[in-house]
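Here's a quick tour for anyone meeting this structure for the first time. Take a look at it, then read on.

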Amino acid sequence: MTKDSQFGPAAVWALALLLTGAALLLPNMHQQGFLSSGDHGRELYAFAHIFDGKQSQTPYQDYWWMYGPLMPYYYGLCMKIFGVSVFSVLIGKTLLLLATGVFIGLTVMSFGPPVAGLAAAAWFWINFQNFYHTHNHTGGVAIVAALAFFLVKYIRTGRAACLWLILISAFLVALIKLNVGIVTLPTAILAVFLVGLYDRRPFADGRTRFFLLAGLAVPLAVAGIHALFLRGLTTAELSQCFPFGTQYRQYTNTPWQSILTLANAFLANLQRSMPDKIMLLLVWIAAGRSAWLLWRKQVDPAQIRSFALSLAALTILFVAMLHEYLFSNINYCLYWAQPVWITIMFVLLAFAVRQLSSFWRTLSSSAFVVMLLYMAGYSYINSSLVLTPEHFLRHPKVQTYVYNDPAWLRTVNQAVSFLEQNLSPNETFFAFPYDPLYYYLTGRRTPTWQSCFFAFQHVTPAQEEKTIADLERQKIEWVLVSNRIVSSEAGLGVTGRDYCPKLTQYLDSNFVKVMVAGDWQNPAGWAWNHGVMVLKRKYGR
């Protein structure tokens with residue numbers, strides 16, 4: 001879409017994208033989803049301490065961190081601007097989701113009427129699958145959507161500036177999640193090379209410099225930044241921060257099994273969702289019509305080049321974004337690919353619709369608007385079910401609605417209240433086996449580098465001894481233990497039997513139970529059936 005597009009000024013449609021995104025995202029901005037004492041606790045602790053003046057702490061160096069180094073600084077900045085609370089994190093996350101939809105919409109607008117781009121962005125904002133366990137990856141998804149936009153822009157315009165923006169995007173993705181960056185960079189190189197190959201000038205128009213920078217400068221920059229953060233870490237700590245080995249994963253699978261699972265889930269979802277059935281039908285019709293138009297050469301050759309190369313580049317990027325899912329069979333790993341998949345669907349629709357008469361374009365656009373309004377209303381009704389007082393966590397550092405059962409909230413409030421009443425102002429405690437949320441809520445610092453001790457972490461005997469030494473050195477008098485010390489969940493296990501026998505024996509020998517709260521009857525869950533007990537050192541110092 002150009003400034004003097006036949007569909008109207010580009011600025012008007014860009015503003016329409018922003019307003020639509022705000023209308024769809026803002027009503028849900030107060031909703032955290034499920035809040036986990038482990039995964040979310042780890043992140044909130046990192047965000048809160050990244051810009052903490054003289055007391056600031058650094059990822060990897062001061063505490064265990066398992067993603068790239070960039071997003072703690074982004075969300076830490078949000079907390080610095082808006083205050084230390086979960087709501088500040090959700091503001092930052094909403095801005096990233098808004099940017100993702102805008103990039104999707106702008107990409108689709110390049111191939112058809114702007115209303116198609118508006119529909120694509122709205123489809124993402126209504127249907128996006130949230131990384132329920134982390135806020136980190138939302139930044140990566142936004143950058144992937146930006147990279148897709150810059151790839152398409154380069155294919156359409158050939159501007160050298162787009163190559164620089166592609167490199168910057170790949171670089172940023174690597175600082176958000178290293179393995180995604182590792183596959184994104186060669187994907188971008190391949191896409192740009194195919195463009196040059198199609199034009200029979202693979203190394204012309206600045207592409208040689210791009211290949212050199214992408215192959216050497218960007219990997220060296222990524223490696224250098226990671227080396228700066230990771231200096232001094234042991235081999236075990238490095239493996240825990242970047243759990244690429246199968247022994248450090250909770251779940252593993254073969255690509256073939258993951259594909260079969262995905263196919264079955266896709267078919268099951270189609271049976272439940274009428275909008276998805278309609279969309280799939282429309283995409284198949286659009287793909288067939290586009291293939292017919294290309295075969296009959298009823299489209300301008302420049303449009304054919306732009307459409308074919310863009311579709312190829314987007315498809316390569318989509319497949320690359322599936323790599324983590326294929327080797328884990330974890331549903332949320334699919335979410336990396338969702339902005340690219342949505343872009344592909346609506347590029348097909350936009351290209352097909354563009355070739356229709358004015359009457360049919362108007363009719364199809366109206367049908368899209370009706371379907372999106374229905375979906376937006378349905379989504380809002382479902383999300384409003386948790387907007388009740390019993391789902392609102394009123395702690396000053398939260399101030400949001402959560403999906404957790406009210407019993408979970410009561411347990412957390414009871415434990416936090418007990419700790420705050422019994423700890424002196426400068427005193428901290430130890431959370432075990434993985435409950436850093438309590439450090440965040442009480443404003444205390446973790447006394448140990450390690451915050452997660454489950455079996456899949458493979459905590460070494462040397463790390464156990466270091467943890468015990470840290471507890472002794474800092475004269476820790478209090479320990480909070482959650483009911484996840486006994487878990488049948490994959491990779492977690494039973495403390496003392498499956499992991500940390502020395503540390504477990506140390507806690508049993510030196511501490512006594514003084515408070516119990518929550519659910520100790522049902523199997524412990526990630527964000528449900530939560531139970532805690534607080535231990536106090538047997539002999540005062």
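This is a predicted model: local features need pLDDT of at least 70, side-chain atom pairs count only at pLDDT 80 or more; totals for chains, interfaces and linings use all residues.

**Helix 7 with helix 9**
- The axes of helix 7 and helix 9 (residues 207–230) sit 10 Å apart, at an angle of about 25 degrees.
- Angles under 35 degrees count as roughly parallel, and that's why helix 7 is roughly parallel to helix 9.
- On the helix 7 side, the residues that meet helix 9 include Trp-164, Leu-167 and Phe-171.
- Helix 9 brings residues including Arg-209, Phe-210, Val-218 and His-226.
- Sorted by type, the residues of this contact are 14 nonpolar, one polar and one charged.

**Helix 7 with helix 6**
- Helix 7 (residues 160–176) also packs with helix 6 (residues 136–157): their axes come within 9 Å and cross at roughly 160 degrees.
- Angles over 145 degrees count as roughly antiparallel, so that is the label for helix 6 and helix 7.
- The crossing of helix 6 and helix 7 is left-handed.
- Among the residues making the contact are Gly-139, Gly-140, Phe-150 and Lys-153 of helix 6, along with Cys-162, Ser-169 and Ile-176 of helix 7.
- The residues of this contact split into 15 nonpolar, five polar and one charged.

- Most residues other than glycine have a negative phi, and most peptide bonds are trans.
- Tyr-60 isn't a glycine, yet its phi is positive, about 75 degrees.
- You'll find Tyr-60 in the loop between helix 2 (39–49) and helix 3 (70–82), and it's buried, with a relative accessible area of 0%.
- Asn-529 isn't a glycine either, and it has a positive phi of about 50 degrees.
- Asn-529 belongs to the loop between strand 8 (511–518) and strand 9 (531–537), where it counts as partly exposed at 29% relative accessibility.
- Phe-432 and Pro-433 are joined by a cis peptide bond, with omega about 5 degrees.
- Pro-433 is in the loop between strand 4 (430–432) and helix 18 (437–442).

**The chain as a whole**
- Of the 541 residues in the protein chain, 53% are buried.
- Its accessible surface is about 23800 Å², and 64% of that belongs to carbon and sulfur atoms.
- Looking at contacts in the protein chain between residues at least 6 apart in sequence, 71% join residues at least 24 apart.

Technical notes. Residues are numbered from 1 along each chain as its sequence is written. Side-chain values use heavy atoms; hydrogens and water are left out. Buried means under 20% relative accessible area, exposed over 50%, partly exposed in between (1.4 Å probe, protein chains only). Contact means heavy atoms within 4.5 Å. Accessible areas come from the Shrake-Rupley method with a 1.4 Å probe; for residues, only the protein chains shown count as cover. Axes are lines fitted to C-alpha atoms, for helices over the stretch in contact, and angles run from 0 to 180 degrees between N-to-C directions. Helices (H or I, at least four residues) and strands (E, at least two) are DSSP runs, numbered from the N terminus. Angles under 35 degrees count as roughly parallel, over 145 as roughly antiparallel, 65 to 115 as roughly perpendicular and the rest as oblique. A crossing is left-handed if the near helix is turned anticlockwise from the far one by less than a right angle, and right-handed if clockwise. Ala, Val, Leu, Ile, Met, Phe, Trp, Tyr, Cys and Pro count as nonpolar, Asp, Glu, Lys and Arg as charged, and the others, Gly among them, as polar.
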